[in-house]
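Dear colleague,

Please find below the structure for your review. My notes on what was found in it follow directly after.

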Amino acid sequence: MMMAIPRSKVIADNKSGDGQMDDKSAYAEKFQARLDQWRAEIDKFQAKAKEASADTKLKYQKEVDELRAKQKDAEMKLDELGEAQGKAWEDVKSGVESAWDDLGKAVRKAADRFG
């Protein structure tokens with residue numbers, strides 16, 4: 001199971017006082033909260049996979065593994081966001097949103113299958 005990224009790594013001190021860090025912090029908190037929700041859903045899928053028949057279990061486990069990989073990618077993007085300084089975080093934002101969209105679509109698709 002993936003561990004949550006420590007807030008200290010995501011949110012840095014706002015020494016510039018220009019409001020950019022507040023935007024970055026709010027964005028990172030929103031992203032972290034959504035990741036936590038998706039992590040919980042993936043955990044539920046994992047539990048259903050364990051209860052499934054042998055053939056179905058393999059199929060479900062493969063899908064859970066793919067979701068975990070996408071989850072890890074999204075968490076790495078969040079790390080990059082936390083490390084970005086100044087206006088650079090806005091450049092990282094597109095990669096974060098891409099990972100966010102990718103994981104979100106995959107979780108919704110899995111939810112339909114695991115139903």
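Ala28 counts as buried because its relative accessibility is 1%, where buried means under 20% relative accessible area, exposed over 50% and partly exposed in between, with a 1.4 Å probe and protein chains only. Ala28 is found in helix H2, residues 20-51; helices here are DSSP runs (H or I, at least four residues), numbered from the N terminus, and strands are runs of E of at least two. From Ala28 to Gly82 the C-alpha distance is 7.6 Å, although 54 residues separate them in sequence.

The model is predicted: local features need pLDDT of at least 70 and side-chain atom pairs count only at pLDDT 80 or more, while totals for chains, interfaces and linings use all residues. Residues are numbered from 1 along each chain as its sequence is written, and side-chain values use heavy atoms, with hydrogens and water left out.

Helix H2 also holds Arg34. Arg34 is partly exposed, at a relative accessible area of 26%. Its C-alpha lies 9.1 Å from that of Gly104, 70 residues apart in sequence.

Of its 115 residues, 37% count as buried.

The axes of H3 and H4 come within 9 Å and cross at roughly 160°; axes are lines fitted to C-alpha atoms, for helices over the stretch in contact, and angles run from 0 to 180 degrees between N-to-C directions. H3 is therefore roughly antiparallel to H4, the term for angles over 145 degrees. The contact of H3 with H4 comprises 14 nonpolar, two polar and eight charged residues. Here Ala, Val, Leu, Ile, Met, Phe, Trp, Tyr, Cys and Pro count as nonpolar, Asp, Glu, Lys and Arg as charged, and the others, Gly among them, as polar.

The largest pocket holds about 160 Å³ of space, a volume being the space filled by probe spheres set on grid points joined across faces, edges and corners. A pocket is an open set of points on a 1 Å grid over the protein atoms alone, where a 1.4 Å probe fits, with protein on both sides within 12 Å along at least five of seven lines; lining residues have an atom within 4 Å of a point. Lys59, Glu63 and Arg113 are among the lining residues of the largest pocket. Helix H3 (54-83) and helix H4 (88-114) each give two or more residues to this lining, and H3 gives the largest share, six residues. By class, the lining has two nonpolar, no polar and seven charged residues.

With kind regards

Key
Parallel < 35°, antiparallel > 145°, perpendicular 65-115°, else oblique.
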